[in-house]
Amino acid sequence: MLWAMGRNYEVIIFDLDDTIYPRHSGLMQEVGRRIREWVVNHLGLNAEEAATVQHDYYVRYGTTLAGLLAEHSIDPRSYLSFVHDVPIEKFLAEDKALAALLQSIPLRKVIYTNGTADYAWRVLRALGVADYFEQVIGIEEVGLRNKLHREAHEQVLARLGVPASACIMVEDSARNLGPARELGMTTILVGAEPESDDGADFVVRDVMELEGIVRRLLESGCRPASLNTVRADEAGPADATRSPDSVPA
Ligand SMILES: [Mg+2]
């Protein structure tokens, strides 16, 4: 299909939490615990009720913040600063393998997160990879709209100054990838057991599996034209002996 061909990839956009570092680090669970604490303190609920609200808002609005903004009068800045006030170094350490992966990818690198840019930079510094990223785009930079909103992704593209077709987006949430893929980005879902992989062109178990897929995308200059997701193990091992036509086109 012609529309899929001749891409000129320029930017790789990484989600932050549970993408650039592994879920088992526990950092995102700690942020989730802070979110629950905030809900308990500000909505006058017990912990169990707060957890229910948190889950409900996540399902209906994409994030707890979006639900709070829709249904309550809250100060988003103080909420964001409270929930991200976590001792990151207790959960993450320098990651030399991640640094080597980033070094190997010859594209502009950006973080785009539903969290704050300040928090994201702290995470990147803890991992020892801040220098690889040209910018971080947080929720405050896209009008507090989360990634379920197409407009948020459009604002990201406007900031980057590139068309969607020039972007590869890497994310652990399939539903966050949906609007990006609709806009024309090539999407890679990180995580072994996605709830749904409809929004993804590729699925990898771990961010460290990216290198082979990205190399093949750059060689072929296209994203898969079919809507069928290609898993990393089906796409073949990340070795130089595979021909470029192993990328579905
Ligand atoms: Mg994430």
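Predicted model: local features only at pLDDT ≥ 70, side-chain atom pairs only at ≥ 80, totals over all residues.

Trainee: What does the secondary structure of the chain come to?

Mentor: It comes to 10 helices and seven strands. Helices (H or I, at least four residues) and strands (E, at least two) are DSSP runs, numbered from the N terminus.

Trainee: And how much of the chain counts as buried?

Mentor: Of the 249 residues, 37% are buried. A residue is buried if 20 or more other C-beta atoms lie within 10 Å of its own, exposed if 12 or fewer, and partly exposed in between, with the C-beta atoms placed from the backbone.

Trainee: What share of the contacts is between residues 24 or more positions apart?

Mentor: Such pairs make up 60% of the contacts in the chain with a separation of 6 or more. Two residues are in contact if their C-beta atoms, placed from the backbone, lie within 7 Å.

Trainee: Now α1. What should its span be?

Mentor: Helix α1 covers residues 27–43, and its 17 residues should span 24 Å at 1.5 Å a residue; the end C-alpha atoms are 24 Å apart, which agrees. The expected span is 1.5 Å times one less than the number of residues.

Trainee: Which residues in α1 are buried?

Mentor: L27, I35, R36, W38 and V39 are. The buried residues of α1 pack against α2 (47–61), α3 (64–71) and α4 (76–83).

Trainee: What follows α1?

Mentor: G44 does, and its phi is positive, near 65°.

Trainee: At what angle do α1 and α2 pack?

Mentor: The angle is about 110°, and the axes of α1 and α2 are 9 Å apart. That makes α1 roughly perpendicular to α2. Axes are lines fitted to C-alpha atoms, for helices over the stretch in contact, and angles run from 0 to 180 degrees between N-to-C directions. Under 35 degrees counts as roughly parallel, over 145 as roughly antiparallel, 65 to 115 as roughly perpendicular and the rest as oblique.

Trainee: Which residues meet there?

Mentor: On the α1 side they are I35, R36, V39, V40 and L43, and on the α2 side A47, A50, A51, V53 and Q54. By class, this contact of α1 with α2 has eight nonpolar, one polar and one charged residues. Ala, Val, Leu, Ile, Met, Phe, Trp, Tyr, Cys and Pro count as nonpolar, Asp, Glu, Lys and Arg as charged, and the others, Gly among them, as polar.

Trainee: How do α1 and α4 cross?

Mentor: Their axes come within 8 Å and cross at roughly 135°. α1 and α4 are therefore oblique to each other. V31, R34, I35 and W38 of α1 make the contact with Y79, F82 and V83 of α4. The classes there are six nonpolar, no polar and one charged.

Trainee: And α2 with α3? At what angle do they cross?

Mentor: At roughly 90°, with the axes of α2 and α3 coming within 7 Å. That makes α2 roughly perpendicular to α3. Q54, Y57, Y58, R60 and Y61 in α2 meet T64, A66, G67, L68 and A70 in α3. The residues of this contact divide into six nonpolar, three polar and one charged.

Trainee: New topic. Where is D18, and what is its phi?

Mentor: D18 lies in the loop between β1 (11–14) and α1. Its phi is positive, about 65°, although D18 is not a glycine. Most residues other than glycine have a negative phi. L144 also has a positive phi of about 65° and is not a glycine; L144 is in the loop between β3 (135–137) and α7 (150–160).

Trainee: Last one: V110. Where is it found?

Mentor: V110 is in strand β2, residues 108–112. V110 counts as partly exposed, with 19 C-beta neighbours inside 10 Å. V110 and D15 are 95 residues apart in sequence, yet 8.6 Å apart in space, C-alpha to C-alpha.

Note on methods: Residues numbered from 1 in each chain as written.
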